[in-house]
Amino acid sequence: MNLADKIISLRKQKGWSQEELAAQMDVSRQSVSKWESGASVPDIDKILLLSKIFGITTDYLLKDDGEVEQEIRTEISGEKETPKRFVSKEEAKAFLELQKQSAKKIAFGVWLCIMSPVTLLVLLGFSQKPYQYLGEKMAVLGGLSALFVIVTIAVALFVITGLSMSKYEYLQKEEILLDREMEREVVEESEAFLPAFARNIAIGVGLCIVSVIPVVVLGVLEKEAMTVMAVGLLLFLVACAVFLFVRSGMRKSAYDQLLQREGFTVERKQTNNEMESWAGVYWMVVTAAYLVISFVWNSWRISWLIWPIAGMLYGAITLIVEQRLRKKL
């Protein structure tokens, strides 16, 4: 095969149109058409770029013999490089829109999880002196019933949203090549979102700080019944803060995934793949510990501290794994 035939064959194997290949090469569709018709020959820098995009050697492109090899890792300029997965403009836009909608659902699900014991706390408060509007057993029964219903709704949201986003999992695991025009749009959107992201984080941190004030004040005044309900207010404010964190964080992570920056660089993707096998187990153990400690010792007013502690531990473990991976590379 000559060079023109090879470009056509390689492009079709990737399932790309001439427009998609042109976008990756930063040339016009007409240029690609001329290469494939044999009317013109790519410059040497374009030959090098073609070899990287298709994951083959420059020798293969320039020589007239040989067949297209289906390699996972190929030798390019003395270095091994994994072929990148191309993400079209339409696919990137669909991902951003779905992530935007999913961010609301996941954030609301997390809000529900944090709020799930609030009904129990309020009912327990009304079962104590000086109120005693209902018995303690009825308060516990009603509160636990509400808790399980709320958690069930939250889990359903997580499952449904996770299934809808599963087709884009490769963005977190594979090295990608984004459409050039779309990459510029994503950068612009990301920069425009940064002020809102910073504002939401600041508001969330403020809510977390303010949330402890009612509990501390009522604890000092020894108002036990009111203190129990104040813990419910604390959880509400923390839930609102976490809602802002999760929603804004997911929006930002969508841009980071497409641009392969911060937590989604090629190196971090390799780290995430290594951690994926045990991360799910880790968070299930943390959740089980939270529920056992809260129910057995009735420590709802302090057991929420498990989550920030678990988060910090997870971050520390991630750093250790990253350091180990860098040594391997």
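Is tyrosine 255 buried or exposed?

1. Tyrosine 255 is buried, at 5% relative accessible area (buried is under 20%, exposed over 50%, partly exposed in between; 1.4 Å probe, protein chains only).

2. This is a predicted model, in which local features need pLDDT of at least 70, side-chain atom pairs count only at pLDDT 80 or more, and totals for chains, interfaces and linings use all residues. Residues are numbered from 1 along each chain as its sequence is written, and side-chain values use heavy atoms, without hydrogens and water.

3. Helix α10 covers residues 180-211 (helices are DSSP runs of H or I, at least four residues, numbered from the N terminus). Its end C-alpha atoms are 45 Å apart, which agrees with the 46 Å that its 32 residues should span at 1.5 Å a residue (1.5 Å times one less than the number of residues). A kink of about 35 degrees lies at leucine 194, shortly before proline 195 (the angle between axes fitted to the seven residues ending there and the seven starting there).

4. Phenylalanine 193 is buried, at 10% relative accessibility. Its ring and that of tyrosine 255 have centres 6.1 Å apart and planes at 55 degrees, so the pair is tilted (Phe, Tyr and Trp rings, the last by its six-membered ring, pair if their centres lie within 6.5 Å; planes under 30 degrees apart are stacked, over 60 edge-to-face, the rest tilted). Tyrosine 255 lies in helix α12 (residues 224-259) and phenylalanine 193 in α10, so the pair ties together parts 62 residues apart in sequence.

5. Lysine 252 lies over the face of phenylalanine 197, 5.7 Å from the ring centre (NZ of Lys or CZ of Arg within 6 Å of the ring centre and within 35 degrees of the ring normal).

Definitions and conventions
Helices (H or I, at least four residues) and strands (E, at least two) are DSSP runs, numbered from the N terminus.
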